[in-house]
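The exercises below are meant to be worked with the sequence and the model side by side. Each task is followed by a solution that goes step by step.

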Amino acid sequence: MIKLAPSILSADFGRLGADIAEVVESGVDWLHVDVMDGHFVPNITIGPPVVSAIRDQCDAAGVLLDVHLMIEQPERYVSDFVDAGARVVTVHVETCPHLHRTIQQIKSAGALAGVTLNPATPLSAVEEVLPLVDLVLVMSVNPGFGGQSYIPGSTRRIAALRGKLDDLGSKAYLQVDGGVKPGNIREVVDAGANVIVAGSAVFRGGQSIADNIENLRAGLQLSV
């Protein structure tokens, strides 16, 4: 089953609770939280207090809080985010010199452990940890800002990682984040993704959040 994970990076932070309520009412499975530090990526977003503030709202609806740490030295904050309510914590290979240890740390804290890599980072950078992780995230834009266009070469990377996971017999989720919309979501899923992060496609575009989510679901029914 394909899971949709709306990214609150594109939500209206002045009415964050209301936006999340509309997402939850639409029956999504996950809620994606992008954490940025202004160093690893050129933007600053939110920290554990915001995750904690939305935790009850998500838990009550059975929506999994999926936290993507686009920060340097993420190991410093893993426990804080898990304590705040993160059920999945994803870190970048580029910021973790001791990636194996960081994955162990996430699992020991009680969350699912994810690993991701930027569009120009070779897939070989994550090969050694693929047997260990619960999720692999393919960044299909350069991280730091919402509203970017999907990088076409990402489809090839998704398919390659799907092949590697299947060869291992891994049940890890294969997540894609960046530029996914109704017109290309089928392409992304056909390449092997089963968790789709969508920010602008959910929270922007002149329609209601519920309508935007329905449009993404409709896109899943289309052929490439």
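**Exercise 1: the partners of H1**

Leu16, Gly17, Ile20, Ala21 and Val24 of H1 meet Val50, Ile54, Gln57 and Ala61 of H2, where contact means heavy atoms within 4.5 Å and helices (H or I, at least four residues) and strands (E, at least two) are DSSP runs numbered from the N terminus. The model is a predicted one, in which local features need pLDDT of at least 70 and side-chain atom pairs count only at pLDDT 80 or more, while totals for chains, interfaces and linings use all residues. Residues are numbered from 1 along each chain as its sequence is written, and side-chain values use heavy atoms, with hydrogens and water left out.

Task: describe how H1 packs with H2 and with H8, giving angle, distance and handedness.

Solution. Two packed helices are described by the angle between their axes and the distance between the axes.

Step 1. H1 and H2 (residues 48–61) pack at an angle of about 25°, with their axes 11 Å apart; axes are lines fitted to C-alpha atoms, for helices over the stretch in contact, and angles run from 0 to 180 degrees between N-to-C directions. H1 is therefore roughly parallel to H2, since angles under 35 degrees count as roughly parallel, over 145 as roughly antiparallel, 65 to 115 as roughly perpendicular and the rest as oblique. The crossing of H1 and H2 is right-handed (a crossing is left-handed if the near helix is turned anticlockwise from the far one by less than a right angle, and right-handed if clockwise). By class, the contact of H1 with H2 has seven nonpolar, two polar and no charged residues, with Ala, Val, Leu, Ile, Met, Phe, Trp, Tyr, Cys and Pro counted as nonpolar, Asp, Glu, Lys and Arg as charged, and the others, Gly among them, as polar.

Step 2. The axes of H1 (residues 16–25) and H8 (residues 209–220) come within 9 Å and cross at roughly 40°, so that H1 and H8 are oblique to each other. This crossing of H1 and H8 is right-handed. Asp19, Glu22 and Val23 of H1 make the contact with Ile209, Ala210 and Ile213 of H8, a set that divides into four nonpolar, no polar and two charged residues.

**Exercise 2: Ser26 and Arg157**

Task: is Ser26 buried or exposed, and with which residues is Ser26 in contact, leaving aside its neighbours within four places in sequence? Treat Arg157 likewise.

Solution. Step 1. Ser26, in the loop between H1 and strand E2 (30–36), is buried, with a relative accessible area of 14% (buried means under 20% relative accessible area, exposed over 50%, partly exposed in between, with a 1.4 Å probe and protein chains only). Beyond those sequence neighbours, Ser26 is in contact with Ala210, Ile213 and Arg217.

Step 1. Arg157 lies in helix H5 (residues 154–168) and is buried, with a relative accessible area of 8%. With neighbours within four places again left aside, the contacts of Arg157 include Leu117, Asn118, Pro119 and Val138.
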